[in-house]
Amino acid sequence: MIVAVQIGERTRQLEVVPSDSGWRLQLDGEPLPADAAVIRPGLISLLLDGQSFTFTWARDGQGAVWLSGGGRDWQAEVRDPRQLQARRHAEPEGRARLTAPMAGKVVKLLAELGAAVEPGQGVLVLEAMKMQNEVRSPKRGTLKTLAVAAGDTVATHQLLAEIE
Amino acid sequence: MFRKILIANRGEIAVRIARACRDLGIASVAVYSDADRRALHVQMADEAIRLGPAPAAESYLNIPRVLAAAERSGAEAIHPGYGFLAENAAFAAACRDAGLVFIGPSPASMAALGSKTAARKLAAAHAIPILPGTVEAVASLAEAERVAAEIGYPVMLKAAAGGGGKGMRRVASPVELASALALAAAEAGSAFGDTAVFLERAVDAPRHIEIQILADAHGHLVWLGERECSVQRRHQKIIEESPAPRLAPATRQAMGEAACAAARAANYVNAGTVEFLVDERERFYFLEVNTRLQVEHPVTELVTGLDLVQWQIRIAAGEPLNFTQAQVQPRGHAIECRIYAEDPERDFFPSPGAILRLQPPSGPGVREDTGVYEGWTVPLEYDPLRAKLITWGEDRPQALARMRRALSEYRLAGVRNNLGFFRRVFADPGFAAGRTDTGYVARLLAQTPPPDPAAERWETLAAAAAAVALAAELPAAPPPAAAATAWQRAARRDAMRP
């Protein structure tokens with residue numbers, strides 16, 4: 001099986017083939033001589049040049065993969081390479097989408113539909129876990145869409161407003 | 001001693017109190033909202049009673065429902081933990097009126113110290129130094145503008161009923177005052193049900209040091225050393241340690257005596273914490289008294305060897321302290337990290353969600369007080385504190401080394417969290433040298449992180465691990481013969497024998 005693993009800006013292609021002793025790995029077409037073992041679901045041990053690397057992994061509801069190991073954390077997208085490309089092309093261009101940085105409740109709108117907004121200007125106030133936070137516009141433009149009203153409960157990453 | 005205690009709280013502190021009850025042979029009763037049916041504290045207590053729907057006003061803050069649960073369970077005492085009803089004098093009085101023991105100070109002591117404005121008045125009356133500002137809550141914007149102009153900007157707005165940085169705003173100039181006052185009052189109202197806000201001079205980059213006190217009902221009062229709590233974000237502590245680095249013994253002694261004076265003036269009984277600001281010249285100013293158990297109490301427990309929750313219960317049951325001030329001899333060094341579900345890259349915004357993986361550290365000198373478990377979806381209605389990680393060492397370098405080790409062992413996936421931020425703090429030479437004040441977090445985040453020569457290798461192997469995990473998830477192909485175990489092959493050979 002060949003998968004693309006994207007961490008940050010970097011995408012690596014990995015080929016994983018079951019072998020007698022575990023898994024055989026190729027990284028970007030080159031053999032990766034690591035001894036890989038799935039200890040249990042979500043826990044993977046890699047031995048490379050006599051060094052031990054242990055990772056936990058989990059996939060959340062949005063399909064993002066969470067990896068931890070050696071006091072480090074990563075968030076990865078693990079996909080078939082063709083899927084990944086299609087996704088990148090599908091992203092809208094040229095306008096700013098304001099999404100909820102956290103799940104919470106819209107307490108107050110600070111700008112009206114059609115209003116001109118400046119970079120850093122507050123668009124609405126979101127309350128979560130007893131903290132009120134201003135959600136600000138990242139750029140100059142017009143508030144083209146307001147997807148929520150005061151009192152609405154929103155989920156993380158939910159669209160709040162669009163600026164053009 | 002009590003036979004049964006109701007714990008009027010949730011999360012890690014409810015679990016902590018249930019454990020103290022078990023240690024003392026006392027039955028514990030948990031209460032829970034509809035959002036918390038599967039919460040850890042419900043599993044850890046001996047009994048559990050539903051309070052109501054998820055909003056705190058209908059559950060954990062609802063006094064009649066908490067009292068009804070206590071009556072139904074037959075509990076003799078209520079431990080309020082911290083937050084929620086812990087500093088509510090009306091609740092303490094309602095417990096007493098219902099024939100229940102409130103594990104904490106008397107309603108009168110709470111009224112005298114519980115609000116920051118009342119405590120400022122009391123401190124001023126007993127020659128304990130305070131910062132200039134309003135003694136009462138601000139009545140109007142005009143008054144706030146006048147006082148701020150008098151004492152000079154920057155000023156701090158603080159909720160009179162506040163704690164934990166909620167309802168608190170720093171105001172740098174007059175133009176910000178109106179909106180800051182409105183936001184602080186709204187936040188204070190939402191968090192504490194009281195919109196009163198007072199104003200005082202802001203001390204930039206002070207240190208925040210507090211004294212733990214313990215008093216019984218027989219006139220014994222001791223202070224149990226200090227906790228340095230300067231490392232804060234959004235005015236909320238995230239790292240606490242004891243003893244405080246860079247604090248002269250004479251200053252520590254003077255702060256301990258001032259704390260005892262404040263407690264004595266309020267006829268204080270049970271555990272409490274007196275908070276001080278310390279400026280760059282090591283002058284200290286009284287801030288407030290927290291009339292309850294603090295989040296960071298384990299730090300003091302590890303250096304004094306005392307179980308503060310057990311002592312709260314024993315004092316409430318009428319037992320005298322069985323040690324004197326001279327016998328309080330802190331040993332070694334302890335430090336705590338508060339593990340929050342929040343995103344340090346997004347200004348520490350809360351980040352609720354499902355805990356997909358959780359593997360806490362252990363080993364010498366490591367303690368974890370947690371309220372969560374793998375597989376639980378953390379409700380978004382309450383505080384984002386997940387767990388507290390505390391390490392102890394014979395000295396500060398050993399405590400820090402153990403924290404570094406514990407942080408490298410800790411795995412938490414599914415929610416954004418501040419573990420990576422803590423790893424950076426504990427790798428920072430400035431922190432190791434004890435150079436912390438309330439501006440520390442902002443300064444650290446403004447720096448470029450030091451290069452990590454092993455980062456590339458680890459990231460590559462993480463990607464490989466993800467690919468292996470994905471391949472292992474696929475439906476298994478029919479097992480090749482070679483994959484059969486030696487036992488299976490031997491059994492097959494035996495079966496084929498004539």
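Biologist: How many salt bridges are there between domain 1 of chain B and domain 2 of chain B?

Modeller: The general idea is a simple distance test: a side-chain nitrogen of Lys or Arg has to sit within 4 Å of a carboxyl oxygen of Asp or Glu. Here that test gives three salt bridges between domain 1 of chain B and domain 2 of chain B. One pairs B:Arg16 with B:Glu301, and their closest N and O atoms are 2.8 Å apart.

Biologist: What should I keep in mind about the model itself?

Modeller: This is a predicted model, in which local features need pLDDT of at least 70 and side-chain atom pairs count only at pLDDT 80 or more, while totals for chains, interfaces and linings use all residues. Residues are numbered from 1 along each chain as its sequence is written, chains are lettered from A and ligands numbered from 1 in the order in which they are written, and side-chain values use heavy atoms, with hydrogens and water left out.

Biologist: Which domains is chain B divided into?

Modeller: Domain bounds come from an automatic or database domain assignment. For chain B they are domain 1 (4-103), domain 2 (104-126 + 203-331), domain 3 (132-201) and domain 4 (340-498). Back to the pair you asked about: the C-alpha centres of domain 1 of chain B and domain 2 of chain B are 24 Å apart. On contact (heavy atoms within 4.5 Å), domain 1 of chain B puts in 23 residues and domain 2 of chain B puts in 22.

Biologist: What area do domain 1 of chain B and domain 2 of chain B bury between them?

Modeller: Think of buried area as the accessible area, with a 1.4 Å probe, that two parts lose on being put together, summed over both. For these two domains of chain B that comes to about 1,700 Å², with 67% of it on carbon and sulfur atoms. In domain 1 of chain B, B:Arg16, B:Glu87 and B:Ile103 lose the most area to domain 2 of chain B, together 33% of what that side buries.

Biologist: And how many residue pairs are in polar contact across the interface of domain 1 of chain B and domain 2 of chain B?

Modeller: A polar contact is a pair of N or O atoms within 3.5 Å; within protein, one must be able to donate a hydrogen and the other to accept it, and residues adjacent in sequence count only if both atoms are side-chain atoms. This interface has seven such residue pairs, both partners at pLDDT 80 or more. Helix H1 (11-24), H4 and strand S5 (101-102) of chain B each give two or more residues to the domain 1 side. Those labels are DSSP runs numbered from the N terminus: helices are H or I with at least four residues, strands are E with at least two. H1(B) supplies the largest share of that side, seven residues.

Biologist: Now the chains. What area is buried between chain B and chain A?

Modeller: About 5,100 Å², of which carbon and sulfur atoms give 66%. The contact takes 53 residues from chain B and 54 residues from chain A. There are seven salt bridges between the chains, among them B:Arg423 with A:Asp73, at 2.8 Å between the closest N and O atoms. On the chain B side, H16(B) gives the most, 19 residues.

Biologist: What does chain A look like in terms of helices and strands?

Modeller: Chain A has one helix and 17 strands. The assignment gives it domain 1 (2-81) and domain 2 (93-163), with C-alpha centres 37 Å apart. Of its 164 residues, 42% are buried; buried means under 20% relative accessible area, exposed over 50%, partly exposed in between (1.4 Å probe, protein chains only).
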